[in-house]
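Please look over the model below. My notes follow as numbered points.

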Amino acid sequence: MTAQPNVTAFQTRVYALCSQIPEGHFATYKDISDALQSSPRAVGQALKRNPFAPVVPCHRVLASDYYIGGFFGSWGLAPSEPASAPKSGSARKSAQAEPAQAADGNVHRKLALLAGEGLLFDATGHLLKDQQSSRHFAQFTVQSSES
């Protein structure tokens, strides 16, 4: 007998909306939070705890500025040098331009999953401009919380 994951009613609603995002498309944390009259941070916390991944495709959720966002509790691309090391503007840009070397393992997995669906990102971790409108999904069907 398999134990059922312990999820809240809010998490269930977030996962239901996330499941509506078609393969090869994305939504933002704000899109989902607007549909649920919640906050993007609450949506992120629910997705961080998603026990149904990849069936519930939380990897298809990005930040509102089209940044890769988080995945399994990790957020974005990590700097290639310790945060305490001072950086000039050009050194900072260089660190951001190397996601394959700098990305956290979880976020790196998210990038790979999205690339497999045709969503591509620039060196700073932002969705390519030509995909920002054409691949954006926000037509959610929200079930009543009373059901």
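1. In which helix is Leu17 found? Leu17 sits in helix α1. Helices here are DSSP runs of H or I with at least four residues, strands are runs of E with at least two, and both are numbered from the N terminus.

2. This is a predicted model, where local features need pLDDT of at least 70, side-chain atom pairs count only at pLDDT 80 or more, and totals for chains, interfaces and linings use all residues. Residues are numbered from 1 along each chain as its sequence is written, and side-chain values use heavy atoms, with hydrogens and water left out.

3. Leu17 counts as buried because its relative accessibility is 2% (buried is under 20% relative accessible area, exposed over 50%, partly exposed in between; 1.4 Å probe, protein chains only). Beyond four places in sequence, Leu17 touches Ile32, Ala35, Leu36, Phe140, Thr141 and Val142 (contact means heavy atoms within 4.5 Å). Leu17 and Ala138 lie 121 residues apart in sequence, yet 9.5 Å apart C-alpha to C-alpha.

4. Helix α1 (residues 9–18) packs with helix α3 (residues 40–48) at about 85 degrees, axes 9 Å apart. α1 is therefore roughly perpendicular to α3 (65 to 115 degrees; under 35 is roughly parallel, over 145 roughly antiparallel, the rest oblique). Axes are lines fitted to C-alpha atoms over the stretch in contact, and angles run from 0 to 180 degrees between N-to-C directions.

5. On the α1 side, Phe10, Gln11, Val14, Tyr15 and Cys18 meet Ala42, Val43, Ala46 and Leu47 of α3.

6. Confidence needs a check. Mean pLDDT (the predictor's confidence in each residue, from 0 to 100) is 81 for the chain, with 76% of residues at 70 or more. Helix α4 (residues 89–96) is lowest, at a mean of 39, and strand β1 (residues 27–28) highest, at 98. Residues 79–103 stay under 50.
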